[in-house]
Amino acid sequence: MSRADDRDHDHDRASEHGHDHAHGDGGGAGHVDLPIAARVRRLEERAIAAGLTSDAELDAFLTRFLERATPVNGARLAARAWTDPAFLERLLADGNAAVAELGLGPADPAGQSYRLMVVENTATVHNVIVCTLCSCYPLSLLGPSPSWYKSHAYRARVVREPRAVLAEFGLALPDEVEIAVWDSSSEARYMVLPRRPENAADLCEEALTRRVTREGLIGTASI
Ligand code: FE
């Protein structure tokens, strides 16, 4: 089996994705040129100036959203998938519908839709997610993203040398396990479904949920 970095069968793969994906902001070149926080602030100021919202309203909205945005949500999806084969099938076929089924709420803070793609780790394929352009991430399922996820080093290197990067995270994968790197955008965001832990046959769904980490759902840890 070929190595992940040589593979060439999916246009969503980071290595071939390039920097042309839209990030839903209509910002054109500014997207790349300005730090994300400055861009967001500029948009907020425009919306406030146009009388569409206020600082207080934005703050209250974000607070409400972030209270519910936690990796426990992603962990619940994983635990349910491990214990319910029919749910696993639905989760892989239509992530958004599966999220709604568990009542995990809207997919992102603005309630805008993106397609949630859940990628399943197997004995032969390990998945890891990135946004090569900025920091697209399924926030409501994974909580606020770690700073390293947004770092230039991670975004650039995980595409070029995923095996080495994962080893630095303490995840040494056997050579025969292929690594698939998925590049997120505003339209499509990914969550990794880790492999069900071994020696967990007698664990209930709730106990399984507690075994899942944020890093497991990003793909930089095994679970
Ligand atoms: Fe992005």
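**Close-up views of salt bridges and a buried strand**

Arg 41 is partly exposed, its relative accessibility being 29%. This residue belongs to a predicted model, in which nine salt bridges are found when the whole structure is searched.

**View A. Salt bridge between Glu 45 and Arg 41.** The closest N and O atoms of Glu 45 and Arg 41 are 3.4 Å apart. Both residues belong to helix α3 (residues 36-49), where a spacing of four residues separates them by about one helical turn. Glu 45 has a relative accessible area of 44% and is therefore partly exposed.

**View B. Salt bridge between Glu 205 and Arg 80.** The two side chains meet with an N to O distance of 2.9 Å. This pair links distant parts of the chain, 125 residues apart: Glu 205 lies in helix α12 (residues 205-211) and Arg 80 in helix α5 (residues 71-83). Glu 205 is partly exposed at 29% relative accessibility, and Arg 80 is also classed as partly exposed, with a relative accessible area of 24%.

**View C. Salt bridge between Glu 168 and Arg 157.** Here the N to O distance is 2.8 Å. Because Glu 168 is part of helix α11 (residues 162-168) and Arg 157 is part of helix α10 (residues 152-160), the pair ties together parts that are eleven residues apart in sequence. Glu 168 is exposed, having a relative accessible area of 56%, whereas Arg 157 is partly exposed at 26%.

**View E. Strand β4 and its parallel neighbour β1.** Strand β4 (residues 188-193) is largely enclosed by the rest of the structure, because six of its six residues are buried. In a regular strand, side chains alternate between the two faces of the sheet. Both faces of β4 are covered: one side carries Ala 188, Tyr 190 and Val 192, the other Arg 189, Met 191 and Leu 193, and all are buried. Strand β1 (residues 115-120) runs parallel to β4 and is joined to it by six bridges. Within this pairing, Val 192 of β4 has Val 119 standing opposite.

Note on methods:
Residues are numbered from 1 along each chain as its sequence is written. This is a predicted model: local features need pLDDT of at least 70, side-chain atom pairs count only at pLDDT 80 or more; totals for chains, interfaces and linings use all residues. Side-chain values use heavy atoms; hydrogens and water are left out. A salt bridge is a side-chain nitrogen of Lys or Arg within 4 Å of a carboxyl oxygen of Asp or Glu. Helices (H or I, at least four residues) and strands (E, at least two) are DSSP runs, numbered from the N terminus. Buried means under 20% relative accessible area, exposed over 50%, partly exposed in between (1.4 Å probe, protein chains only). Two strands pair if DSSP finds at least two bridges between them.
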